[in-house]
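Visitor: I have just opened this model and would like to go through it with you. Could we start with the pockets?

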Amino acid sequence: MNTDNKVTANIHETAVIAPGAKIAENVEIGPYSVIGENVEIGEGTKIGPHVVIHGWTQIGKDCRIFQGASIGEEPQDLKFKGEKSYTIIGDRTTIREGATIHRATGEGEETRVGNDCLLMALTHVAHNCVVGNHVIMSNLASLAGHAIVEDRAVIGGMAGVHQFVKIGRNAMVGGMSKLTQDVVPYTIVDGQPAKVVGLNAVGISRAGIKLDARRNIKKAYKLLYRSGLSLQQAIAVIEQEVDSCEEVEHFLRFLRNAERGICRERRERD
C-alpha cells in the first residue's frame, strides 16, 4: 500500500490492500475488505466491511459500497479465458449488501455502471453489461450478460433480464418480471414474460421532461401499441405524424435497433 494512502484514507487495520491499488483521498475501507492490485477507488468513496474488489476495476467518487459486495470478479461465463477486462463504476453510486458486478468477457471489454445509481441488496450485473445513470435495481434483480439499461430506468425486485436485452430510458420493470425482449423507453412492463401495461407517465414527469415532449411520447406510444400497425409501419407513421423532439428521436432510435424484438402490450385475455 502506498504511504500516501495511509495518510489520506481511513483504512481499517484488518483490510487487505494490494500494493498496486490506487486509493484516493478521504476513502474509507472497512474491516476485512479486500482491494486488488489493479483497483482504483475515487475520492470520498466509502467501502464497508467484507467487500471484495478485484480485477481492473475503477470506482468513482463519493460512492457507497455496503458489506459483502463483490465487484470486478471474473465473469460467470464459460467463454472467459482470463483475459484483461474491466469494471467501471461511476460517481455517487450506491451498491448495497451482497451485490455482485462482474468484469467483462473479451480482451479490453468493459462492464459499466453509471453515475448516481442505486443497486439494492443482492442485485447482479453480469459481464459486459452497460447500466446508465440514475438507474435503480431493486433487491435480487439480475442482469444477464451484455444487457443494456438506459438512464433512469427502474427494475423491480427479483426481475430477471435475459442476455442482450435492452431496457429503455425512463422505463419501469415490475417485480419478478421475466424479460426476454427489449423494453421500449418510457413504458411500464410486468409479468412472465413481461408485457407492456402502460406508459410510465409518472416517471417521465419526475424526470423533468417538458409537457410538449410528454404529449409527443404519448402519441408515439399509442401509434406503436394501439394502432394495429407492425413495428416497421409504426416507425414510419411516428416519423411522419409526431412532432420531432429529442425524446421522440430517442424512442425511434431504440425501436430501429431492437434486435430481440420489443415487449408487446398486455391484452385483457393475457
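Guide: The largest pocket has a volume of about 230 Å³. A pocket here is an open set of points on a 1 Å grid over the protein atoms alone, where a 1.4 Å probe fits and protein lies on both sides within 12 Å along at least five of seven lines. The volume is the space filled by probe spheres set on the points, which are joined across faces, edges and corners.

Visitor: Before we go on, what kind of model is this?

Guide: This is a predicted model, in which local features need pLDDT of at least 70, side-chain atom pairs count only at pLDDT 80 or more, and totals for chains, interfaces and linings use all residues. Residues are numbered from 1 along each chain as its sequence is written, and side-chain values use heavy atoms, with hydrogens and water left out.

Visitor: Which residues line the largest pocket?

Guide: The lining, meaning residues with an atom within 4 Å of a point, includes His134, Arg152, Asn170, Met172, Asn200 and Arg206. It divides into 6 nonpolar, 4 polar and 2 charged residues. Ala, Val, Leu, Ile, Met, Phe, Trp, Tyr, Cys and Pro count as nonpolar, Asp, Glu, Lys and Arg as charged, and the others, Gly among them, as polar.

Visitor: Which element gives the largest share of that lining?

Guide: Helix α2 (residues 201–206) does, with 3 residues. Helices (H or I, at least four residues) and strands (E, at least two) are DSSP runs, numbered from the N terminus.

Visitor: Now the sheets. What is the strand order in the open sheet of 8 strands?

Guide: The order is β3-β6-β9-β12-β15-β18-β21-β24, with parallel pairing. Its edge strands, β3 (22–23) and β24 (166–167), each pair on one side only. Two strands pair if DSSP finds at least two bridges between them.

Visitor: How many bridges join β9 and β12?

Guide: Strand β9 (residues 56–59) and strand β12 (residues 86–89) are paired in the parallel sense over 4 bridges. Ile59 has Ile89 of β12 as its bridge partner, and Gln58 stands opposite Ile88. On to strand β15 (residues 110–113): β12 runs parallel to it, joined by 4 bridges, and Ile89 is partnered there by Val113.

Visitor: What angle does α3 make with α5?

Guide: Helix α3 (residues 211–225) and helix α5 (residues 246–256) pack at about 30°, with their axes 9 Å apart. They are therefore roughly parallel to each other, a term for angles under 35 degrees. Axes are lines fitted to C-alpha atoms, for helices over the stretch in contact, and angles run from 0 to 180 degrees between N-to-C directions. Contact (heavy atoms within 4.5 Å) involves residues including Ile217 and Leu224 of α3 and Phe251 of α5.

Visitor: Where is the cis peptide bond?

Guide: It joins Gln192 and Pro193, with omega about 0°; Pro193 lies in the loop between β27 and β28. Most residues other than glycine have a negative phi, and most peptide bonds are trans. Phi is positive for His50, near 60°, and for Phe164, near 70°.

How values were computed. Angles under 35 degrees count as roughly parallel, over 145 as roughly antiparallel, 65 to 115 as roughly perpendicular and the rest as oblique.
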